[in-house]
Amino acid sequence: MIGLSSYLVLAALVFSIGLFGVLTRRNAVGILLGIELMLNAVNINLVAFARFHGDLTGVIFTLFTISITVAEVAVGLAIVIAIFRVRRTVEADRLDLLRG
Amino acid sequence: MTVETVGFWVVATVLLASSLAVVLTPNLFHAVLYLAAALVATGAIFLLLDQPFLFAVQLLLYAGGVVTIVVFAIMLTERLVGERIRQTSRHLINGAIVSAAVFAGIAGFLLRAPLAMPRPEQAGDATASIGRALVGPFAVTFELLGVLLVTALIGALYFARGEE
């Protein structure tokens, strides 16, 4: 029987992998992919807690996070495309216009 | 070994392998395809947790919608031929140390938390309960979500619009 802790450890692993991607990717789209992985790990946590507590709130919140993530990706990629039009690059290291 | 146990380990292996591939593969286009695999595996986890509706939402919105948008963004910002799409990573050691430390922190917390609770029986149809909760106690949040989606749509259009 798979217990709650197995799901939580799996989610923690996926979260750490996503964090690694966010920290190491140079491309802005690659960073967004890492953020997607991290948000997915959070969703696994929410659903696992909801199932093992017999409470539906976690599932509803997962629905909300999924929708908000989709909106975030749409806006984020629109920003990436807008930046690419101006700077001709999406390398996060070279987007340092705000650096003092 | 029940079906659920075997299913969990298979799905967990697929999820971890494709997640690692997302952050490690040098080709960004392949990374998106691995992300699609990871998202479907996450949906399978929802299925194991008796939430078929979330599985459907995950497939439609994430594996269908997000992956398509990301593929479009890559095609608009990278040259598909040549070496442009290959991308390097930086600070590999530092990133590994930080994420390993974060995982150790979470794992240490999990070890101390009392998590050995039994899995309760599924009470009724989960999908019907979700529907009732969305128009009942969470109705205002649900409406706000609609406002957010419209705002995001307008915002994305504003950012990505062409030159007037």
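Colleague: How far apart do the C-alpha centres of domain 1 and domain 2 of chain B lie?

Modeller: They lie 24 Å apart. Domain 1 covers 1–113 and domain 2 covers 125–164. Keep in mind that this is a predicted model.

Colleague: How many helices and strands does chain B have?

Modeller: Chain B has 6 helices and 0 strands. Read along the sequence, the pattern is α-α-α-α-α-α.

Colleague: What is the radius of gyration of chain B, against that of a compact globule of 164 residues?

Modeller: Chain B has 20 Å, whereas a compact globule of 164 residues would be near 15 Å. The box tells you about dimensions. Along the principal axes, the C-alpha atoms of chain B fill roughly 55 × 40 × 30 Å. Burial is a further check. Of the 164 residues of chain B, 23% count as buried.

Colleague: Which helix gives the largest share of the side of chain B that touches chain A?

Modeller: Start with the contact itself. It joins 71 residues of chain B to 58 residues of chain A. H1, H2, H3, H4, H5 and H6 of chain B each supply at least two residues to that side of chain B. The largest share, 13 residues, comes from H3(B). By residue class, the side of chain B that touches chain A has 51 nonpolar, 16 polar and 4 charged residues.

Colleague: What span does H3(B) reach, and what is expected?

Modeller: H3(B) has 26 residues and reaches 36 Å from first C-alpha to last, close to the 38 Å expected at 1.5 Å a residue. Look for a bend too. H3(B) has a kink of about 30°, centred on B:Gln58.

Colleague: Which residues of H3(B) are buried?

Modeller: First the general idea. An α-helix has 3.6 residues a turn, so residues three or four places apart point the same way. Now the case here. The buried residues of H3(B) include B:Leu54, B:Gln58, B:Tyr62, B:Val66 and B:Val70.

Colleague: What do the buried residues of H3(B) pack against?

Modeller: They pack against H2 and H3 of chain A, together with H2 of chain B.

Colleague: Where is B:Asp50 found?

Modeller: B:Asp50 is in the loop between H2 and H3 of chain B. Check its backbone: phi is near 60°, a positive value in a residue other than glycine.

Colleague: Why does B:Asp50 count as partly exposed?

Modeller: Count neighbours. B:Asp50 counts as partly exposed because it has 15 C-beta neighbours inside 10 Å. The buried class needs 20 or more.

Terms used
Residues are numbered from 1 along each chain as its sequence is written. Chains are lettered from A and ligands numbered from 1 in the order in which they are written. This is a predicted model: local features need pLDDT of at least 70, side-chain atom pairs count only at pLDDT 80 or more; totals for chains, interfaces and linings use all residues. Two residues are in contact if their C-beta atoms, placed from the backbone, lie within 7 Å. Helices (H or I, at least four residues) and strands (E, at least two) are DSSP runs, numbered from the N terminus. Ala, Val, Leu, Ile, Met, Phe, Trp, Tyr, Cys and Pro count as nonpolar, Asp, Glu, Lys and Arg as charged, and the others, Gly among them, as polar. Domain bounds come from an automatic or database domain assignment. The expected span of a helix is 1.5 Å times one less than its number of residues. The bend at a residue is the angle between axes fitted to the seven residues ending there and the seven starting there. A residue is buried if 20 or more other C-beta atoms lie within 10 Å of its own, exposed if 12 or fewer, and partly exposed in between; C-beta atoms are placed from the backbone. The radius of gyration is taken over C-alpha atoms; the globule rule is 2.2 Å times the number of residues to the power 0.38.
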